[in-house]
Amino acid sequence: MKKEETEERDWSLVRNNNGEWISDRNVVFLTELELTMEKIAAQKCHLPLTVNIGPDGTKWCYKHELDAISAATPVVDIKPYKLKIAKTSPHKTQEMIEKYIKRFEETKDSDTLFEDLQSMSKCNVRKPDYIDFKLDTKASTLLLYIQQKQSQKNRDVCPNYTCRNMQTDNAAFEGWAVCMKAWLPDIEKVVLRWDEPKDFETASESIQHYNRFLYRVMRFSEAFKDWFAVDSSNQVTIEEFSKRFCYLQNNAYGKAPEKPSKEGSETKTEYEMSHTWADQMMTYYNLNVISRQLPIGVLQQGKSFFTGGKSAIDLWGMNDDTLTLIELKYNYGKSVNKKVGIISELFLYACTMRDMVLGIIQPPTKSPTKEETMLYERITSFRRVKAEMLSNGFHPLLDNEAVLTILNRNAFNENIPITFGKTKYDFTGNHLTIPC
Amino acid sequence: MAKELSETFHFLPSDYDVNGIHRTSGQTFRSFIAKCEFSFHEWHSTEYAWMLYANSRTMSLLAKSNGASENFIYGMDLTKGKHFHPVEDPFVNGEMDKHSKFITVYGIDSAFMTECDTNGFPVIDEETGIYPLTLLVDNTMRDGTVRLAVPDDDSDSEKVEPVIIDVPHFEYV
């Protein structure tokens with residue numbers, strides 16, 4: 001054989017993990033850093049990425065798989081890093097490379113995770129002060145830790161957000177868990193840990209908030225048991241809470257909610273939606289009845305167990321077999337209410353009403369409106385609960401289809417399912433627009 | 001052309017299902033090939049089979065039984081008659097592979113490649129002559145037939161074409 005002929009062949013053979021020998025033209029050898037980036041991109045695009053190992057431990061992937069990932073990955077995702085490195089000083093460049101490498105270490109802290117979130121969602125997501133996030137990248141598990149610690153602003157105060165309003169960023173663990181899982185493909189499981197309140201700040205109301213928090217944790221662990229769990233340090237608390245979760249009854253207001261007077265407020269919009277635009281709303285949500293302000297102030301043996309007062313579902317309605325709960329948010333001018341906590345609120349309302357359908361929580365003995373009376377008369381006949389977010393502007397992390405997909409893959413589906421939905425309305429002048 | 005030491009083995013294709021699993025024993029067709037490799041070595045004590053010749057249907061059965069990806073095609077087409085040409089065949093098949101939507105599998109691990117390095121990668125034992133099994137498609141062969149072969153070092157063809165037996169060693173190592 002001529003020597004020139006042997007030199008023409010510019011490829012050699014590589015072995016894959018299945019013991020098959022193929023041409024190295026079909027493969028791409030990658031460094032650990034490159035491989036990690038490709039894995040993240042593959043997960044994000046839901047495309048396969050087979051990692052094969054060579055004789056010296058080098059790693060390689062099939063070219064066709066990488067091409068498919070590359071075609072499905074928007075270029076903008078990697079652009080900022082490349083540009084930043086190219087334009088900065090050598091010192092700065094080193095700093096950035098170290099920071100970049102840190103992203104692929106075994107654990108990611110809150111700062112790194114929020115940088116990832118900002119990069120993926122293309123929005124400036126602010127990290128809550130009292131929740132610490134830590135991702136164990138090997139186990140793909142996110143630890144979400146609600147901490148009781150000294151306030152940065154007022155050192156005399158040491159707030160515990162498990163005893164505070166669930167809407168706030170520091171308390172809305174359900175919102176963060178779902179959104180982070182939806183946006184960051186390297187999160188498979190979420191573990192919640194919290195500091196048990198040392199001393200209840202304003203006694204009874206804090207206890208009621210804490211009861212509500214424990215109820216949310218208990219139900220969230222049931223609904224998403226395949227990926228959400230309570231840290232071992234808090235498990236006894238939840239077990240004890242589940243034992244004392246009995247003899248419960250929902251509350252009712254003494255009189256029907258009044259017509260709000262303040263124009264341009266959320267309450268006014270809520271009123272208009274249940275009155276002026278009731279037909280439009282009923283058609284859109286497939287309802288026979290629509291009403292507003294359904295209280296969720298659960299009582300235990302006549303005493304407040306959950307916070308009462310203003311705790312109510314903004315809008316609700318029903319048809320023959322479905323109970324629909326609508327959490328309304330209204331953003332106008334300086335009044336902006338775009339929080340991931342909308343998930344936490346809606347989850348609590350949906351679970352509480354589902355527990356009433358199942359007879360775990362008893363309905364109130366009397367109701368101030370005919371709609372509520374009708375609701376409670378039929379409460380055990382509902383076959384499903386629909387939980388709907390309705391706003392004229394959502395938190396940017398909710399702008400991802402995976403959020404609803406995750407929420408709707410809940411374990412309640414076998415018995416009185418809860419389905420989640422999201423609708424954006426437009427409110428111009430005196431005209432309400434909701435999608436057809 | 002180099003001389004080869006070869007043995008032909010027979011099987012009943014109807015004994016195997018579409019996934020290359022033996023209908024009664026549950027063993028894979030790959031296991032059958034492994035048994036053929038052991039027999040080959042038993043009959044020629046110093047030799048290990050380097051090449052497997054079969055038609056494309058048999059190659060497909062081997063691919064299925066080996067859990068190959070759907071876009072993998074087992075075996076090189078023979079371009080110089082009925083025997084492997086270690087330079088021409090890889091070159092021509094390599095060119096075809098380059099423009100194909102399928103990936104050609106040129107060889108599979110020998111049944112004797114059982115020792116692994118620290119990364120779990122099977123060791124190629126050059127001293128004893130254990131190399132991966134080069135897969136060669138010969139569509140003139142009948143269904144139910146495979147042929148295992150090794151270049152015959154004792155033949156006088158070495159004087160004429162000394163490169164021939166060196167190339168496969170180089171490729172796999």
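In the predicted model, strands S4 and S5 (residues 59–62) of chain A run antiparallel and are joined by three bridges. Within this pairing, A:Asn52 has A:Trp60 of S5(A) as its bridge partner. Both strands belong to an open sheet of three strands in chain A, ordered S3-S5-S4 with antiparallel pairing. Strand S3 (27–30) and strand S4 (51–53) form the edges of this sheet, each pairing on one side only. On average, neighbouring strands are turned by 40° against each other, direction ignored.

Two helices of chain A contact this sheet. Helix H2 (residues 32–45) lies across S3, S4 and S5 of chain A. The direction of H2(A) is at about 120° to S3(A). Helix H3 (residues 63–72) of chain A also packs on the sheet, where it touches S3 and S5 of chain A. The angle between the directions of H3(A) and S5(A) is about 70°.

Six of the six residues of S5(B) (residues 103–108) are buried, under 20% relative accessible area, so the strand is largely enclosed by the rest of the structure. One pairing crosses between chains: strand S2 (residues 20–23) of chain A runs antiparallel to S5(B), over three bridges. Here A:Glu20 has B:Ile108 as its bridge partner. Within chain B, strand S3 (residues 72–74) pairs with S5(B) in the parallel sense, again over three bridges. B:Ile73 stands opposite B:Thr104 of S5(B). Strand S6 (residues 133–137) of chain B runs antiparallel to S5(B) and is joined to it by two bridges. B:Ile108 is partnered there by B:Leu133 of S6(B).

Key: Residues numbered from 1 in each chain as written. Chains lettered and ligands numbered in written order. Predicted model: local features only at pLDDT ≥ 70, side-chain atom pairs only at ≥ 80, totals over all residues. Heavy atoms only, no water. Pairing = 2+ DSSP bridges. Helix = DSSP H or I, 4+ residues; strand = E, 2+ residues; numbered from the N terminus. Axes fitted to C-alpha atoms, helices over the stretch in contact; angles between N-to-C directions. Contact = heavy atoms within 4.5 Å. Buried < 20%, exposed > 50% of the residue type's maximum accessible area, 1.4 Å probe, protein only.
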